[in-house]
Amino acid sequence: MSGRADLVARLAGRRITVIGDVMLDHFVVGRVDRISPEAPVPVVRFEREEYRLGGAANVAHNVTALGGLVTLVGLVGDDAAGQELRRRLGELGLNADHLVADAGRPTTRKMRVVTSRNQQVARIDHENDDDVTGDACAVLLTHLRRAIAASDAVVLSDYRKGVITPEVIAAATEAATSRGIPVLVDPKVAVAGRYRGTSLITPNHHEAELMTQTVIRTSEDAASAARLLHERTGASVLITRGEHGMWVFDASSPSAVGTSLPAVAREVSDVTGAGDTVIAVLALALAAGASLVEAAQLANVAAGLVVARFGPATVHPADLSAALSTLPD
């Protein structure tokens, strides 16, 4: 326990650059008490609405919640959603200076209609997932190179909304390699080779299945998929498996089979944003000198905390320490 607590304390002050698809999560909350006479759909009586950070912005929020120092590099539109996202970042003490405005595309906004019991009725996505190009791409590359020059680790948060292009991946890995710092990727593209040159990829089991064209049902399946992903990317691999925990393959020990970590969630309310928490904790822990398995153990506990909450959530050092204190040594 003392070693884990010491690691939590060492997360503070680590400098993380988060590059990727920033999003605004918009929740419209209401009460359902009848079905529409116009169509077989529920009528939601509006009660309130709220906004939360999503995607790469949620990764950045998770980093700061744990005491890390973050630089967020991403793309927004010149629109009301972009202004709201910047306002939310400012309220949370996050710098929005490295968000590039592109008037030719909307800010990615996911509007969820949910009941007061947190049951999702519908989701409406406002987005343009074309790869960033032209002047916006040039400015983005300038921002990421400057940010990485003063970082301890880099996160590429890929939600397939146009920011994590081959050019961005190449620039980020080149800048990070010159500093000897890790590049972690939360992937969404099924072509694993796209992420070659990075240090760690963290697909969930559905993404790992798509990237390897295999079926993952057992720990043995996860081990095989992780080895395939390593062969195609050269990276270490962490596959998140929901209620089955995690599978960790450390590329620095390629002769090893890998490590299975059981899930620690006591209850599951909403898995939204859990991957953001996992990769934020991994980046901070690796920057603090932890081994990959140590970092994964910490991220596993953090994931168990956030899935018990509704919507994108964060974990604070006190929450993490308290959860760790209940685990066996």
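Guide: Contact means heavy atoms within 4.5 Å, and helices (H or I, at least four residues) and strands (E, at least two) are DSSP runs numbered from the N terminus. This is a predicted model, in which local features need pLDDT of at least 70 and side-chain atom pairs count only at pLDDT 80 or more, while totals for chains, interfaces and linings use all residues. Residues are numbered from 1 along each chain as its sequence is written, and side-chain values use heavy atoms, with hydrogens and water left out.

Visitor: Which residues of H7 are called buried, and why are they said to line one face of the helix?

Guide: The buried residues are Ala222, Ala223, Ala225, Ala226, Leu229, His230 and Thr233. Seen down the axis of H7, they fall within an arc of 165°, taken from the directions from the helix axis to the C-beta atoms, so they line one face. On the other side of H7, Glu220 and Glu231 are exposed.

Visitor: How do you know that the span of H7 agrees with its 15 residues?

Guide: The expected span is 1.5 Å times one less than the number of residues, which for H7 (residues 219–233) gives 21 Å, and because its end C-alpha atoms are 21 Å apart, the two agree.

Technical notes
Buried means under 20% relative accessible area, exposed over 50%, partly exposed in between (1.4 Å probe, protein chains only).
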